[in-house]
Amino acid sequence: MGGSHSREDMDLSDSDSDDAESRASDNSSDYGTPPPASASSKAAGGAGAATPASIDAIDRHLRSLRLKYNEPISPNPSPGPATAANPAALNAVKLYLHIGGSSPSAKWIVSDRLAAASFVRTGDDEDDDAPAAGPWCLVVGSRIRARVGPELQLKTFPAQRRVDFVADGVWALKFLHADGFGDFCAKYNSCLFENSHGVAATAEGRAKVFGKDFAAWARPEDGDESIWEDATDGFSPGPKGSPMPPRTPVLKPLMEDLREFEEPVEEGSGIQSLALGALDNSFLVGDSGIQVVRNFEHGIHGKGMSVKFSGGSTNFSTPKKALLMRAETNMLLMSPATDGKPHAKGVHQLDIETGKVVSEWKFEKDGADINMRDITNDSKGAQMDPSESTFLGLDDNRLCRWDMRDRRGIVQNLASATESPVLQWTQGHQFSRGTNFQCFASTGDGSIVVGSLDGKIRLYSTSSMRMAKTAFPGLGSPITHVDVTYDGKWILGTTDTYLILICTIFIDKDGKEKTGFSGRMGNRIAAPRLLKLNPLDSHLAGANNRFREGRFSWVTENGKQERHLVATVGKYSVVWNFLQVKNSHHECYQYQEGLKSCYCYKVIPKDESIVASRFMHDKYAISDSPEAPLVVATPMKVTSFSISSRH
């Protein structure tokens, strides 16, 4: 199992030999090789190596780019501290390109020995007389022009005066002056905010987006960090609140002492989704049926029976959702509607023991057929309840609970039904305005968290689906998947380019600890954490390098805490240590401004795009192991990673 690539963190420095090679290759685009790290001290010194001739060359080069400045370029730029009268120095960078991918020969090469980094609006260079109104773009010399957004995966290295990002490749900017680095970061954050929210990054603009209750999201440095400071559990190496080492004892064995079990799936039945069981079996849902596998303390493997879709009308596409119910003896299969939209008109009920589709249930309300986007269990452990007959449903503007019994409270007689039975809408709300719900999840007590297209995350209590107790604002990206801990204290939202970890804990006016599911949090809300990939890993994850289905590890018992987070990104499964992410003293958060981003993770690479990555139920964490096995499914293979007891 690999980790975040150390090559990305390699210090970019200057050397005379590399500069000479770069000058010789500027016209041919045969880029020079990167300088050795041993020369970093010379680069840090900045001014010492410059000569009057080279200073004049910098000025001529920057003038030739015809970049727009609020102030004129100084006729005699100096390598000393940059000022408003010397904007050329602020923009001066050395541009590097990463080549070689993940191979041993991978390295950074000099792409442009001297360039200028600036931010311009789309259309700035099209008509000088018309004001540009398009989104902000990052322009670096003549080689890079990219829209400012989270897809750049921009990461800063303050100690090196360096930023890395992705734009049809992985690039690094090394600033000639410290003031230029700080100026760039401030401008980038402003442009990112404006592109994401459509308003300027002013105090008024931030108040419009976040409101007074979420001031900590707008200015995290002013927020209450006590919740994150106190994050600890039985795996903490020291007293509560004490700083943790950069690598926790829990993370190292999980990532380094692994046993791997890999098995191919049945021929001609590519895996489309994974339904993990908490009891004896788990299920691989494919194009033509379901393969049953056994659950063990070292993962899932061993070919069991195969359930082919039969009985009832089986004219439906491959299920996009498989939901276990009734002590995992039944499964609800939901397939997309025929019009290509991610909605379904009903669900098929599969009896796993007989291998037959015993019924096709329709979604209906007040006599009219309706669609659902997603379904999930009433609570985290509901699939293990043999008497469970209800489940939750979500559509763009609907949140509800469906019941498989008729209105008199008895199970419908499916054998004698002359037509598809109708699910009973027992609780819920149909919102009149566009909420654009996308995904949802339930806690151990049945509270519900819902993610939306506008990035908002809403919390609903067990008593009402009409009014959210708390609504967290969006950060500019749609929420595509959401998960929540069993106790409801932590939420993990997935976007295409990052995960967002939110704490729902607050102290009410009576001094009692509550969660945002049970009361309105008001302005007692901590800023979230972001979980991101390094630019290099994001690029190497493959063409389909979007985050998918960020999840906590799986517990269904009060008093137990989830220990890890996992998400799928293209060909990678990415794992974070939950305690490490919460710890405010963690090394990733040093010198960061704005929302804290954690880049400390481990990667499981596969040869093909990954369908699903999930931790098994906590019951399969053996006594001397800190975590249950991780299951990674690709279309043609399923792999289990269990933790060795050597630690």
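Visitor: What makes up the lining of the second largest pocket, by class?

Guide: In this predicted model, that lining has 19 nonpolar, 13 polar and twelve charged residues. Ala, Val, Leu, Ile, Met, Phe, Trp, Tyr, Cys and Pro count as nonpolar, Asp, Glu, Lys and Arg as charged, and the others, including Gly, as polar.

Visitor: Why is this space called a pocket, and which residues line the second largest pocket closest to its centre?

Guide: On a 1 Å grid over the protein atoms alone, a pocket is an open set of points where a 1.4 Å probe fits, with protein on both sides within 12 Å along at least five of seven lines. The second largest pocket holds about 1400 Å³ of space, a volume being what probe spheres set on the points fill. It is lined by 44 residues, and those closest to the centre are Lys320, Lys321, His481, Glu549 and Arg551. A residue belongs to the lining if it has an atom within 4 Å of a point.

Visitor: Which strands each supply at least two residues of that lining?

Guide: Among them are strand S10 (271-275), strand S14 (321-325), strand S24 (437-442), strand S28 (481-484) and strand S34 (547-552). A strand here is a DSSP run of type E with at least two residues, numbered from the N terminus.

Visitor: How do you know which residues and atoms these values refer to?

Guide: Residues are numbered from 1 along each chain as its sequence is written, and side-chain values use heavy atoms, with hydrogens and water left out. Local features of this predicted model need pLDDT of at least 70 and side-chain atom pairs count only at pLDDT 80 or more, while totals for chains, interfaces and linings use all residues.

Visitor: How do you know that S10 and S11 pair?

Guide: Two strands pair if DSSP finds at least two bridges between them. S10 and S11 have four bridges, in the antiparallel sense, so they meet that condition. Leucine 274 stands opposite leucine 284 in S11, and a hairpin of five residues joins S10 to S11.

Visitor: What makes strand S36 mostly covered?

Guide: Six of the six residues of S36 (572-577) are buried. Tyr572, Val574 and Trp576 point one way, and Ser573, Val575 and Asn577 the other way, all of them buried.

Visitor: Which strands does S36 pair with?

Guide: Six bridges join strand S35 (564-569) to S36, and these two run antiparallel. Histidine 564 has asparagine 577 in S36 as its bridge partner. Two residues lie between the strands in the hairpin of S35 and S36, and glycine 570 in this hairpin takes a positive phi near 60 degrees. S36 also pairs with strand S38 (602-605), antiparallel and over four bridges; serine 573 is partnered there by isoleucine 604.

Visitor: Why are S24 and strand S27 called edge strands?

Guide: The open sheet of four strands has the order S24-S25-S26-S27, with antiparallel pairing. S24 and S27 (470-472) each pair on one side only. The twist averages 20 degrees from one strand to the next, taken between axes that are lines fitted to C-alpha atoms, with angles from 0 to 180 degrees between N-to-C directions. Three bridges join S26 (457-460) to S27, and isoleucine 457 stands opposite phenylalanine 472.

Visitor: How do you know that cysteine 588 is in no disulfide?

Guide: A disulfide is a pair of cysteine sulfur atoms within 2.5 Å. A search of the whole structure finds zero disulfides.

Visitor: Why is cysteine 588 called buried?

Guide: Its relative accessible area is 16%, which is under the cut-off, so cysteine 588 counts as buried. Cysteine 185 is buried too, because its relative accessibility is 14%.

Note on methods: Buried means under 20% relative accessible area, exposed over 50%, partly exposed in between (1.4 Å probe, protein chains only).
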